[in-house]
Amino acid sequence: MTQVQLAQGQAPLLAVRDVSVVFGGIVALNGVSFDMHKGQILGLIGPNGAGKTTLFNCLSRLYQPSSGDILMEGVSILSRPPHRISEIGIGRTFQNVALFPNLSVMDNVRVGTHARTSSDIISDSLKLAWVRRSETSVNEKVHEILAYLDLEDVAHTIVSGLPFGTQKRVELARALAADPKILLLDEPAGGLNHEEVHVLGDLIRRIRDDRHMTVLLVEHHMGLVMSIADHVVALNFGRKLAEGTPAQVQADPDVIKAYLGSKDQ
Amino acid sequence: MSAIENVAPEDQPVEAVPKRAMTIGSGTSFVVLLLLLIVPLFAKNFIIFQLTMLLIYGLAVLALNILTGGSGQFSLGQSAFYAVGAYTTAVLMEHLNINYALTLPIAGLVCFAFGFLFGQPALRLSGVYLALATFALATAMPQLLKLNFLEHWTGGVQGLVVTKPDAPFGLPMSQDMWLYYFTLAITLAIYIFSVNLLRSRSGRAFMAIRDNEIAASAMGVDVALYKTLAFGVSAGITGVAGGLGAIAVQFVAPDSYTITLAISLFLGMVVGGVGWLPGSIIGSAFIIFVPNIAEGISKGLSGAVFGVLLFLIIFLVPHGARQIAIVGQQLIGKLRKN
């Protein structure tokens, strides 16, 4: 693996370079570029159909961009299959929660460590000593994360029976279990009430500070993005509309027009 | 976020089984093991033979359970893997004079490879389509075994006669009884390995794929690899069962391994409870003994009686033996409290 060690400073952790995605004749993303720096919380906003989720899926390698490049620490991620994204430090959650519904909370989070551990079916079947050691350290780590996210009480509960808000937290725990450098959160506030959104915002900031993570927040909920993001990128119809601090983006006339419409529409 | 509620997992959909519930407690295991050890001592040879077949089909159902209950892939082609295992053992024993016990790991490996390779094209299919593809495999297998250029090895339509081994070290045991204990030892070993496997990182990967492929892949699980591995493991265990079956029946012929066998194994899995490994032996008992019971009720209409019995079971306990086990467990729990 060619992990290029870049000089500290301006070099972005993740760079989106001129990414376009075309489905049939529809241009879902049109030459979008932006940088993410270490420790940042970057909010990606835009109305429905703006291309947020498309971009998100390019980052998690579910879609292949038609052109452009995505660089993680200076190395393109586009030749990697989706299952080899978490090992380079990109973790994600899903828009409508994509847990393993029949597994316990603990097992869900254990699966999160998959990319950071190794095993083979023979050693696993025989429960060899090194497999047991690896499982012990996995369990320690999982317990640490569950404690961190206040999920210990439900550790052995099957996730499909948990309330939606708790499921979202389990998903976050699962993503954290892989020790990501970048956490991609796809509409984490969706389906949460006002109070829960507030708690979530605090939690995201806390995770960034405690665990030294960089967060990409794709979000509909403007209040959340504006309150916790350091940097905001606004998309509309697959193009980048504006970029800057939350205040700058909020004041941008194009953004206001995209969200509220203009007189001549 | 909302307060944590501890929701009891009782009303779970049972299509897929949570990991902890895949096995039984040590007390129950001990009783079952004791029965399996003692009963043959007081049984006639024919009963012992039937018990051997119970274990062998139990293994084959267990293998399907790992594939379907574990990784969420359907197969109606298990008879093909069973046939390959049976023929591998028969050919090695009768043509190459290899010891019967040594033929079993070879049969397992051959079938693992076969299953792993079959899993490759099967990757593109899921659900009913995968079931159909495996169905095609099961339909083709008896004909493949009859092919002319294989006849020297397989014996063509006539099949091969397999010699039943004697008990070693001059043990005072009938051939049937020795084979029973030999099969029991292998079954136990494979059962323990399977439980270990499903509780391990690999097993979690299987179940993650079963529950959500995209999420599994985002967590770093190589979906294609683990799906084919599940096919390989399942085929490998079925192959060992097939090999044991060939030794127990002392005969292999193409038409012993038709789609009917595959459907029986599928039935066994459903009756035992999909994804519940101990249920495999109960499912196996169902496919061995219930047709006989049906025949006892009505000779002419045995098929119809079997159908009615099966219908009743599916209607009353849709989740198979596992459901009964859970109800039993709850009853014992309540009794203990009182």
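**Notebook: helix packing and chain contacts in a two-chain model**

I found α3(B) and α4(B) oblique to each other, as their angle is about 140° and their axes lie 8 Å apart. The model is a predicted one, and I kept that in mind for every entry below.

**Entry 1. α3 and α4 of chain B**

I took helix α3 as residues 78-95 and helix α4 as residues 100-122 of chain B. I looked up the handedness and noted that α3(B) passes α4(B) in a right-handed crossing. I then listed the residues that meet. From α3(B) they are B:Phe81, B:Val84, B:Gly85, B:Thr88, B:Thr89, B:Leu92 and B:Met93. From α4(B) they are B:Tyr100, B:Thr103, B:Leu104, B:Ile106, B:Ala107, B:Val110, B:Cys111, B:Phe114 and B:Gly115. Sorted by class, the residues of this contact are 11 nonpolar and 5 polar, with no charged residue.

**Entry 2. α2 and α12 of chain B**

I next examined helix α2 (residues 45-71) and helix α12 (residues 279-297) of chain B, whose axes come within 7 Å and cross at roughly 125°. The crossing of α2(B) over α12(B) is right-handed. On the α2(B) side I noted B:Gln50, B:Met53, B:Leu54, B:Tyr57, B:Gly58, B:Val61, B:Leu62 and B:Asn65. On the α12(B) side the contact is made by B:Ser280, B:Ile281, B:Gly283, B:Ser284, B:Ala285, B:Ile287 and B:Ile288. I counted 9 nonpolar and 6 polar residues in the contact of α2(B) with α12(B), and no charged ones.

**Entry 3. α2 and α11 of chain B**

How do α2(B) and α11(B) lie to each other? They are roughly perpendicular: the axes of α2(B) and helix α11 (residues 259-272) cross at roughly 75° and come within 9 Å. I listed B:Tyr57, B:Ala60, B:Val61, B:Leu64, B:Asn65 and B:Thr68 from α2(B). They meet B:Leu265, B:Phe266, B:Gly268, B:Met269 and B:Gly272 of α11(B). By class I have 7 nonpolar and 4 polar residues here, with no charged residue. I marked B:Tyr57, B:Val61 and B:Asn65, which are in the list for α11(B) and also in the list for α12(B).

**Entry 4. Chain B as a whole**

I noted 14 helices and 2 strands in chain B. For its 338 residues a compact globule would have a radius of gyration near 20 Å, and the value for chain B, 20 Å, agrees. Along the principal axes its C-alpha atoms fill a box of roughly 70 × 50 × 45 Å. I found that 49% of the residues of chain B count as buried. Of the contacts in chain B between residues at least 6 apart in sequence, 77% join residues at least 24 apart.

**Entry 5. Chain A as a whole**

I noted 9 helices and 10 strands in chain A. Its radius of gyration is 19 Å, close to the 18 Å of the globule rule for 265 residues, so I recorded chain A as being as compact as a globular protein of that length. The box filled by its C-alpha atoms is roughly 70 × 45 × 40 Å along the principal axes. Buried residues are 46% of chain A. Of its contacts with a separation of 6 or more, 68% are between residues 24 or more positions apart.

**Entry 6. Where the chains meet**

I found 43 residues of chain A in contact with 36 residues of chain B. Which elements of chain A give two or more residues to this side? They are α2 (105-112), α3 (121-126), α5 (164-176) and α6 (194-211) of chain A. The side of chain A that touches chain B has 19 nonpolar, 14 polar and 10 charged residues.

A:Asp18 has phi near 55° and is found in strand β1 of chain A. With 13 C-beta neighbours inside 10 Å, A:Asp18 counts as partly exposed. A:Asp150 has a phi of about 60° and is found in the loop between α4 (129-148) and α5 of chain A. I noted A:Asp150 as partly exposed, with 14 other C-beta atoms within 10 Å.

A:Ala11 is partly exposed, with 16 other C-beta atoms within 10 Å. From A:Ala11 to A:Arg169 I recorded 158 residues in sequence and 31 Å in space, C-alpha to C-alpha.

Terms used: Residues numbered from 1 in each chain as written. Chains lettered and ligands numbered in written order. Predicted model: local features only at pLDDT ≥ 70, side-chain atom pairs only at ≥ 80, totals over all residues. Axes fitted to C-alpha atoms, helices over the stretch in contact; angles between N-to-C directions. Helix = DSSP H or I, 4+ residues; strand = E, 2+ residues; numbered from the N terminus. Left-handed = near helix turned anticlockwise from the far one by under 90°. Contact = placed C-beta atoms within 7 Å. Nonpolar A, V, L, I, M, F, W, Y, C, P; charged D, E, K, R; others polar. Rg over C-alpha atoms; globule rule 2.2 N^0.38 Å. Buried ≥ 20, exposed ≤ 12 C-beta atoms within 10 Å, placed from the backbone. Parallel < 35°, antiparallel > 145°, perpendicular 65-115°, else oblique.
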